[in-house]
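Have the structure open as you read and follow along point by point.

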Amino acid sequence: MSALIVAQNMSLRQGGKTVLANVDFQINRGEIVTIVGPNGSGKSTLLRGLIGAIRPITGTVEQAKSLKIGYVPQSLHVDSTLPLTVRRFLNIPKRIDKDAMRGALDRAGVPDKADAQLSQLSGGQFQRVMLARALLARPDILILDEATQGLDQSGSAAFYRQIEEVRQELGCAVLMVSHDLHVVMAASDRVLCLNGHVCCEGTPDIVASAPEYRALFGTGTQGALALYRHDHDHNHHHDHTHDHSH
Amino acid sequence: MLDDFIVRAALAGVGVSLAAAPLGCFVVWRRMAYFGDATAHAALLGVALALALDGPVIVGVLAVALVVGVSVSMLSDRGLGADTILGVLAHGLLAVGLLVISLTSDTRVDIMGFLVGDILSVSKAELGLVWLGAISVTALMIWRWNALLSVTLNPDLARASGINTRAEQLVLTLSLAVVVAVAIKVVGALLISALLIIPAAAARPLSRTPEAMAMIAAVIGVGCALGGLGAAFHWDTQTGPTIIALAALAFVITHLARAALRR
């Protein structure tokens with residue numbers, strides 16, 4: 001496995017205070033990693049640190065050579081006074097090839113929306129267009145910041161399935177932040193829980209295997225969602241070793 | 001032909017409307033209406049300055065509009081761009097400008113002309129400056145169009161594609177200052193931001209792309225400038241307010257038409 005992004009002992013500061021301390025993180029080619037954590041735990045900050053938007057105050061971040069990142073931001077508010085078709089939107093800021101655009105819209109699951117107005121898309125369609133935009137970069141890694149925010153559970157599940165399909169087709173790694181502490185994409189190889197530092201790390205439990213959770217999530221999710229169970233003893237223990245090591 | 005004051009007025013109106021259209025779209029999309037007001041009202045201070053120093057009004061206005069525009073955009077960069085602060089600036093600057101004019105100049109100065117414009121008295125030299133400014137702003141808008149759109153959509157995404165968001169903000173501030181300087185003669189300090197916003201807003205229901213909106217706004221703006229001039233001549237009304245009233249009427253018509261078509 002080759003590493004795409006490696007962060008070592010990284011601390012990040014935002015708005016004058018240290019949001020993340022001493023984070024070690026690595027994501028490899030083709031891997032799916034989900035980050036969960038409460039509000040203000042530094043999830044988005046971590047992403048911004050990893051893509052190089054913020055410089056770490058301690059530690060290092062290294063990206064693989066000529067790494068191509070497809071980034072889907074947390075939210076994109078398009079003012080209703082701005083008339084914009086999907087086609088025009090994808091052509092900002094650089095003109096793109098027609099076939100490339102069609103391919104990206106196909107992969108993202110919105111093949112027939114090129115001429116739709118952005119303001120008339122549903123939440124799920126909008127996120128897919130954002131995904132198509134990220135795919136245009138032919139990314140080695142897709143980074144999604146709370147991409148399913150504002151979608152209901154079946155909408156999230158459908159979006160996660162789309163991501164999985166894209167991953168299988170392109171083989172890109174996926175790094176995403178989930179706004180839900182407990183529900184994550186079933187296909188995640190690893191789940192990282194963040195709270196100013198890395199609390200704990202683990203693998204998700206497949207929802208499909210647990211009937212009681214299937215009842216909770218409904219059957220419409222077709223196994224796209226999974227549960228991440230937090231082991232808080234482990235969390236504190238981990239915290240300790242962390243403190244000792246410095 | 002340029003010896004006819006009505007021809008000069010018409011050409012000045014057309015020039016200013018053309019430059020105001022693309023910039024006005026950005027003012028609408030980026031919700032900079034108050035920002036435009038603050039810059040336009042600051043123009044009165046520029047007038048006062050020019051009168052006191054006996055210099056050309058257009059230069060005084062350009063200088064002050066630029067200083068105020070840059071300061072305000074720096075303030076809003078620091079998170080001080082709240083509605084209230086811009087409102088205080090916009091109206092405070094208007095009041096102070098009027099105060100300074102009445103304190104420093106004699107009573108023969110036509111304050112009303114600076115407030116609502118005096119398009120019928122545009123000289124050949126002023127007409128030249130209007131078109132120079134209009135062409136510069138339009139060229140700048142076309143050159144930076146995609147980058148400006150990108151920044152308007154999302155600064156983070158723009159930065160990710162290597163766009164300098166501060167530089168693009170400066171492009172808008174500079175263009176705004178130039179438009180204010182050339183438009184003060186045409187519609188006056190009070191109505192400059194109306195000339196920016198209303199044609200763009202009127203074009204919105206008729207447009208599917210940003211480019212279409214800018215072009216339709218230009219057509220509406222030019223139509224209102226010419227129509228307003230004619231109407232003002234016919235009914236002997238103030239030209240600036242007539243142009244803006246016509247634009248407001250266009251806004252009502254396009255929005256009603258859109259609402260009717262949707263049913």
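**Notes on chains A and B**

1. Start with helix 1 of chain A, residues 43-51. Helix 1 lies across strand 1, strand 2 and strand 4 of chain A, and its direction makes an angle of about 120° with strand 1 of chain A. Bear in mind throughout that this is a predicted model.

2. Now look at the sheet in chain A. Three strands make up an open sheet in the order 2-1-4, and the pairing is antiparallel. Strand 2 (17-28) and strand 4 (58-63) of chain A are the edge strands; each has a single partner strand, so one side of each has no neighbour in the sheet. Going from one strand to the next, the twist averages 20°.

3. For a spot to check by eye, find Ile5(A): opposite it, in strand 4 of chain A, is Gln63(A).

4. Over to chain B, where Thr39(B) sits in helix 2 (residues 33-53). Is Thr39(B) buried or exposed? Thr39(B) counts as buried because its relative accessible area is 1%, and the cut-off for buried is under 20%.

5. What does the side chain of Thr39(B) have by it? One of its polar atoms lies 2.9 Å from the backbone oxygen of Phe35(B). If you set aside neighbours within four places in sequence, Thr39(B) is in contact with Ala65(B), Val68(B), Gly69(B), Leu176(B) and Val180(B).

Definitions and conventions
Residues are numbered from 1 along each chain as its sequence is written. Chains are lettered from A and ligands numbered from 1 in the order in which they are written. This is a predicted model: local features need pLDDT of at least 70, side-chain atom pairs count only at pLDDT 80 or more; totals for chains, interfaces and linings use all residues. Side-chain values use heavy atoms; hydrogens and water are left out. Helices (H or I, at least four residues) and strands (E, at least two) are DSSP runs, numbered from the N terminus. Buried means under 20% relative accessible area, exposed over 50%, partly exposed in between (1.4 Å probe, protein chains only). A polar contact is a pair of N or O atoms within 3.5 Å; within protein, one must be able to donate a hydrogen and the other to accept it, and residues adjacent in sequence count only if both atoms are side-chain atoms. Contact means heavy atoms within 4.5 Å. Two strands pair if DSSP finds at least two bridges between them. Axes are lines fitted to C-alpha atoms, for helices over the stretch in contact, and angles run from 0 to 180 degrees between N-to-C directions.
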